[in-house]
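Here are my notes on the model, as numbered points. Please read them with the coordinates open.

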Amino acid sequence: MDSQGYNCFVDRDKMDTAIQDLGPKELNCTELQELKQLARQGYWAHSHALRGKVYQRLIRDIPCRTVTPDASVYSDIVGKIVGKHSSSSLPLPEFVDNTQVPSYCLNSRGEGAVRKILLCIANQFPDISFCPALPAVVALLLHYSIDEAECFEKACRILACNDPSKKLIDQSFLAFESSCMTFGDLVNKYCQAAHKLMVAVSEDVLQVYADWQRWLFGELPLSYFARVFDVFLVEGYKVLYRVALAILKFFHKVRAGQPLESDNVKQDIRTFVKDIAKTVSPEKLLEKAFAIRLFSRKEIQLLQMANEKALKQKGITVKQKSVSLSKRQFVHLAVHAENFHSEIVSVKEMRDIWSWIPERFALCQPLLLFSSLQHGYSLTRPTWYSLTLGLGLSPQVCGAYLSTDWSERNKFGGKLGFFGTGECFVFRLQPEVQRYEWVVIKHPELTKPLSLETTATPSLLCHSLPSSSDPADRLSPFLATRHFNLPSKTESMFMAGGTDCLIVGGGGGQALYIDGDLNRGRTGHCDTFNNQPLCSENFLIAAVEAWGFQDPDTH
């Protein structure tokens, strides 16, 4: 190491240009809360030597498996694994999925060392099947390690973390895919303007979101990625979601109203992230990221598990070598113009609705389950209360997404009672498009999340998936109201129904009310969705359609 703490793998000139070494040399902090603040403020961001010490300390404190490879293991195996090959010609492990090794400020020796370390990790972690983020992590750590062996040990400790509450890096295709779906769900809720742009300009919007980890682990310049990694080591995986959402917000702000630079928005975002220094500083990026009022870590974990469950039931657990993501039904692909027919909504309008629903249902295709024009005007029709998606419509088109199976109404013994989760929403399509989500999503200050340990009554993660003996089935659903300390019940009156009426949204009024004969309806402001009337407050119903989700592989 030289006087500035640079090792033999770093190009000093590049490093001096990327990150000026002007910061403090020591850190005297033991409290986690203080450490979080210092990480966010970038306390050690401008001291190469101090960042190396902090990384060593934080990674050393990660709870790991009993047997975790250390520096001595690397010294023992590297010669046998690398052999006489030149470091620069070494193949990368299959689990990196052809991801390029970002060089950042590494010299050619450093780039070769990253390949050696990755091969040794593959040797010691045969259970890793998909981990495209790892080359960037190893490359970053090598800047702040004494030698290859120390870098190897740090990476191994991150991979071997055995704290179930502290997810760090996805190591399987299932985990990676469910993270991409979870990110898409978060974009849908927290970056609605950007999401609308993505849906408008991309053929496969989920493919755009599937690139989110690459924005962080590969495209971000070193000075930005290192700042993100500083906070990530202290606070965990949720930080990655925050920063990726902030990147998308800045991309939308810069590009809104401008023609895209190519016909490939995925490539445009990558280019934007590479050149992000033209738009925003690392400090402003993190400031934007932490201004987003995300769900609790526990709630995001439930969403991730719901997405994993949906993928498992679709059989999407490993990447297909021939066609990547071949079984995914993307927004534009799920609603096929040639076989979609509705008396109420156009293909474009149904695609808009499809882009709003949770990502796990984008694995399916829309299926018309009930039409008043075909099945008659009555809530007593047997198909009605098996629905998962309901559209109550008049000449002014409006409707609702309902997150819970209507069979839940039976638990009230014939009486009218509200149920459902915070994934429900109401909308209008004509005369103008508007969606109203659960009030808590936009106003999290109304409530404080409860820990999962205080919740009761286990139920299915995803109502539309068949039951099984899987323990995950007995977890609470995502955005179940029992997870939140709500000021009153009026903020959680999602859906109710019987033979005489159907209600969506309550408290101070009803977002949507339809009578049992499907003849008349009304709409108004309600506390649950904090919505404006969806159409004329009292209306005659021209037609009602209810749509569910069909597995495209079922015939």
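1. Burial is used throughout in this sense: a residue is buried under 20% relative accessible area, exposed over 50% and partly exposed in between, with a 1.4 Å probe and protein chains only. This is a predicted model, in which local features need pLDDT of at least 70 and side-chain atom pairs count only at pLDDT 80 or more, while totals for chains, interfaces and linings use all residues. Residues are numbered from 1 along each chain as its sequence is written, and side-chain values use heavy atoms, with hydrogens and water left out.

2. Overall content. The chain has 20 helices and 11 strands; helices (H or I, at least four residues) and strands (E, at least two) are DSSP runs, numbered from the N terminus. Of the 555 residues in the chain, 57% are buried. Among contacts with a separation of 6 or more, 72% are between residues 24 or more positions apart, where contact means heavy atoms within 4.5 Å.

3. G52. This glycine lies in helix 3 (residues 48–60). G52 counts as buried because its relative accessible area is 12%. Leaving out residues up to four places away in sequence, G52 touches Y144 and K154. The C-alpha atoms of G52 and I146 are separated by 8.8 Å, although the two residues are 94 residues apart along the chain.

4. Partners of strand 7. Two strands pair if DSSP finds at least two bridges between them. Strand 6 (residues 495–497) pairs with strand 7 in the antiparallel sense over 3 bridges, and a hairpin of 3 residues joins strand 6 to strand 7. Strand 8 (residues 512–515) also runs antiparallel to strand 7, with 4 bridges joining them. I503 can be followed across these pairings: A496 stands opposite I503, and in strand 8 the bridge partner of I503 is Y513.

5. R435. This arginine is found in strand 5 (residues 434–437). R435 counts as buried because its relative accessibility is 8%. Which side chains does the side chain of R435 meet in polar contacts? One is N188, at 2.9 Å, and another is E437, at 3.4 Å. A polar contact here is a pair of N or O atoms within 3.5 Å; within protein, one must be able to donate a hydrogen and the other to accept it, and residues adjacent in sequence count only if both atoms are side-chain atoms. Leaving aside neighbours within four places in sequence, R435 is in contact with N188, Q192, W356, F425, V426 and F427.

6. S355. Helix 18 (residues 347–356) holds S355. S355 is buried because its relative accessible area is 7%. A polar atom of the S355 side chain lies 2.6 Å from the backbone oxygen of D352.

7. Backbone points to check. Q430 and P431 are joined by a cis peptide bond, with omega about 10°; P431 is in the loop between strand 4 (425–428) and strand 5. D97 is not a glycine but has a positive phi of about 55°, and N98, also not a glycine, has a positive phi of about 60°. D97 is found in the loop between helix 4 (71–82) and helix 5 (108–124), and N98 is placed in the loop between helix 4 and helix 5 as well. D97 counts as partly exposed because its relative accessibility is 27%, whereas N98 counts as exposed because its relative accessibility is 71%.

8. The largest pocket. Its volume is about 820 Å³. On a 1 Å grid over the protein atoms alone, a pocket is an open set of points where a 1.4 Å probe fits, with protein on both sides within 12 Å along at least five of seven lines, and lining residues have an atom within 4 Å of a point. Grid points are joined across faces, edges and corners, and a volume is the space filled by probe spheres set on the points. The largest pocket is lined by 30 residues, of which P164, S165, K166, K167 and L168 lie nearest its centre. Helix 7 (148–159), helix 12 (222–235), helix 13 (238–255) and helix 16 (297–314) are the elements that give two or more residues to the lining.

9. Make-up of the lining. Helix 16 gives the most to the lining of the largest pocket, with 7 residues. The lining divides into 13 nonpolar, 6 polar and 11 charged residues. In this count Ala, Val, Leu, Ile, Met, Phe, Trp, Tyr, Cys and Pro are nonpolar, Asp, Glu, Lys and Arg are charged, and the others, Gly among them, are polar.
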